[in-house]
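Dear colleague,

I am passing on the structure below, together with some notes on what came out of going through it. Please read the notes alongside the coordinates and tell me where you disagree.

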Amino acid sequence: MENIQEQEVLIARNNETGQVGAVVGQNPDGTPKMADAKTAKLSDLVKFNKGQNPLEAFMSNFIRQAKNPSSFGFFKLPADRYEAIAPAMADLVQDPVSNGEMLKPYEVDVKSVAQTQEQTPAEVQQQPEVKPQPEQDNTQSRTEAATTTAKATPVDPDRIDWATIEQQWGVKRETLEQSGALQSMLYNHKSPQLFTVTPQFGDEKFTLDARLSFKEQPDGSFTLAPHFIKNEPKLDVPFRGYEFSKEDKEQLLKTGNLGKVVELADPKTGEMKKCLVSVDRLTNEIEAMPVDKIFIKNHIGKTELSMKEIGILKDGGVVHGKEIELSNGRKFTSDLQYNADKRDVEFVRTQSLKQEQSGERQQQQRNSWVDADGNPKRITKWKETQFTEQQIAYYMAGKKIEVANVTDKQGQPCTVFLQFNKEKQRPVTEYHYAENKKVVGVAEESKTQYAVNNQGKTNEATKNITDPLQKGQTAPKNEQQQARQRKPKGPKV
C-alpha cells in the first residue's frame with residue numbers, strides 16, 4: 001500500500017506558452033502531459049518517493065525525448081499536501097521570476113540532470129516510460145462552467161468547508177461576512193477586495209495578498225481559491241491560445257477591457273469559445289467570460305438599457321455618453337462597457353490601468369463597507385461584540401450605536417461608539433473610557449491615553465513609555481518609566 005506522506009508530485013510550467021499544470025504522464029513527443037493543477041485529482045498524478053530524484057524515473061525519458069528540455073520548468077511538492085498547496089503553487093509558478101525566492105526550495109534542476117544524461121551511455125538511459133494516465137472526467141469542468149453565468153444558483157454556505165479553509169489559508173468566515181465579501185463570493189464572484197492569506201509550503205508559512213473565490217470539490221463541498229497579485233498582466237504570452245496584438249495590449253493597459261469578442265480555448269476541455277477578456281485591476285490576472293454565459297440586466301439603478309445597448313455591451317463595445325441615475329438618486333453621464341473580471345457592466349475608466357490599480361487598491365477597504373450605490377452594507381458585529389437587530393437597523397440608517405465591553409489596541413477597557421460616515425464611505429469610531437459615556441468624542445482627561453494607545457502618538461512627558469497609558473495619565477507613573485525617556489518616537493500630542 002502506498003504511503004502518501006513519503007511521496008511527491010510535480011507541477012510543470014511551459015516557459016514558452018506560460019501553461020502551468022500538474023504532471024499526469026508523458027506525451028509521445030516527450031513533453032509532460034499536464035492537467036489543471038487546481039482541479040486535478042491526486043490519484044491521476046505521477047508520484048515519486050521523496051528520497052528519489054524525480055528525474056531518475058520520469059525526467060530521464062523527458063530529457064532524452066523532448067526536443068528542447070529547457071522550455072519547461074518543474075517544481076516538486078509533497079503529495080500528502082497536494083490539495084492544499086497546488087492552487088497557490090500553480091499561481092506562483094505562473095510568474096517564476098517574481099516568485100523565485102518562494103519557489104526555489106521546490107524547483108527541480110533540469111539543466112544539471114540534462115548534463116548527467118549527456119554523459120550517460122544510451123543503453124543505461126533506457127528506462128521504462130511512465131504510462132499516460134487516463135483522461136480526466138470532465139464532469140467537474142462542465143459543472144464549474146455552468147456556475148459562471150450571472151444567473152447561477154448561489155453557493156450554499158453550509159456546504160463550504162470553513163474549518164479546512166481557516167486551517168489552510170488562515171481565513172475566517174466572520175472576516176468575509178464583516179467585510180461584505182461573502183455575499184459576492186456566494187454568487188460565484190471573487191471578493192471585491194484583497195485579503196491576507198497564509199498558505200504553507202512544506203514547513204514554511206507565507207503571508208500573501210489575494211482576492212478570494214469558492215471552488216467546488218468532487219464531493220460537493222466548497223473550498224477556497226485564492227487569486228494572487230502578479231506584477232503585471234502577462235500579455236506577451238498566448239492566453240488560452242490567443243496572442244494579443246500590439247493594439248490589444250494597448251487597449252487592455254488603457255481600459256482593462258479588450259473591447260471585442262475573441263475565441264479562446266477552454267482550459268479544461270480545449271473547446272474554442274467566444275469570450276470577452278479583461279484584466280483584474282487588483283491582481284493583474286487576465287480573466288475571460290464566455291459570451292453565451294454573459295447576463296446583462298436591462299437597467300443600471302433607475303436607468304433603462306435598450307436591447308441595442310445590451311447587444312453592444314455583449315460584443316465588448318462601449319455605450320457612449322449614457323445618462324445614469326442610481327438607486328440613491330445620484331445622476332451623472334458615463335460610458336459603459338462589460339468587464340469580464342467583474343462579470344458586470346462598469347463605468348469606463350479614463351485613467352491608465354496602472355493609475356487605476358493604485359487607486360482601487362487604496363480604496364478597496366473603504367469600498368468593502370458599501371454597496372454599488374454607496375449605501376452601507378449590513379454588518380452584524382464589531383470585533384467580538386454581536387449586534388442586535390435594532391443596532392443593525394440604526395447603523396444602516398446612519399445612526400450612532402454603542403459597542404460596550406471592548407478593549408483598545410493596547411488592551412485597555414473602553415466603550416466604542418460606531419457610526420457610518422457617508423463622506424468617508426466607512427464606519428468611524430469614538431473611544432470612550434470609564435465614567436465618560438456622556439462625553440461626545442474622547443473625554444479631555446483621556447485624550448492623551450487615547451492618542452498614545454490608539455494613534456501611536458507621544459507627548460514630551462510620555463515619549464518613550466512602552467506600557468499602555470492608564471486613564472488620566474499624562475506623565476511617567478514611576479521611576480522605571482522616567483528612566484526610559486530618550487528621543488521622541490512620534491508626532492507630539
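Is Arg211 buried or exposed? With a relative accessible area of 8%, Arg211 is buried, where buried stands for under 20% relative accessible area, exposed for over 50% and partly exposed for what lies in between, using a 1.4 Å probe and protein chains only.

Before going further, please keep in mind that this is a predicted model, in which local features need pLDDT of at least 70 and side-chain atom pairs count only at pLDDT 80 or more, whereas totals for chains, interfaces and linings use all residues. Residues are numbered from 1 along each chain as its sequence is written, and side-chain values use heavy atoms, with hydrogens and water left out.

Confidence and overall make-up

The average pLDDT of the chain, this being the predictor's confidence in each residue from 0 to 100, is 75, and 68% of the residues score at least 70. Residues 116-151 have a pLDDT below 50, and this stretch has 61 contacts in the model beyond near neighbours in sequence, a contact being heavy atoms within 4.5 Å. Over residues 436-441 the pLDDT likewise stays under 50, and the model has 13 contacts for them beyond four places in sequence. Where pLDDT is low, the predicted coordinates should not be read in detail.

The chain holds 15 helices and 24 strands, taken as DSSP runs (H or I of at least four residues for helices, E of at least two for strands) and numbered from the N terminus. Of its 493 residues, 45% count as buried, and among contacts between residues at least 6 apart in sequence, 53% join residues at least 24 apart.

Side chains of opposite charge can pair when their charged atoms come close. Taking a salt bridge as a side-chain nitrogen of Lys or Arg within 4 Å of a carboxyl oxygen of Asp or Glu, the count comes to 17.

One of these joins Lys190 to Glu285, with the closest N and O atoms 3.0 Å apart; Lys190 lies in the loop between helix 9 (181-186) and strand 7 (195-197), while Glu285 lies in the loop between strand 13 (272-279) and strand 14 (286-290), 95 residues apart. Both of these residues are buried. Lys190 also forms a salt bridge with Asp341, where the closest N and O atoms are 3.2 Å apart, and this pair links parts of the chain 151 residues apart, with Asp341 in the loop between strand 18 (331-339) and strand 19 (344-347). Asp341 counts as buried because its relative accessibility is 8%, and for Lys190 the relative accessible area is 10%.

Asp341 meets Arg211 in a further salt bridge (3.0 Å, N to O). Arg211 lies in strand 10 (residues 208-216) and Asp341 in the loop between strand 18 and strand 19, so this pair ties together parts that are 130 residues apart in sequence. Through shared partners, salt bridges join Lys190, Arg211, Asp280, Glu285, Glu287 and Asp341 into one network.

The side chain of Arg211 also reaches the backbone oxygen of Ser191 at 2.8 Å, and a polar contact of 2.8 Å joins the side chains of Arg211 and Asp280. A polar contact is here a pair of N or O atoms within 3.5 Å; within protein, one must be able to donate a hydrogen and the other to accept it, and residues adjacent in sequence count only if both atoms are side-chain atoms. Leaving aside neighbours within four places in sequence, Arg211 is in contact with residues including Pro192, Gln193, Leu194, His227 and Thr283.
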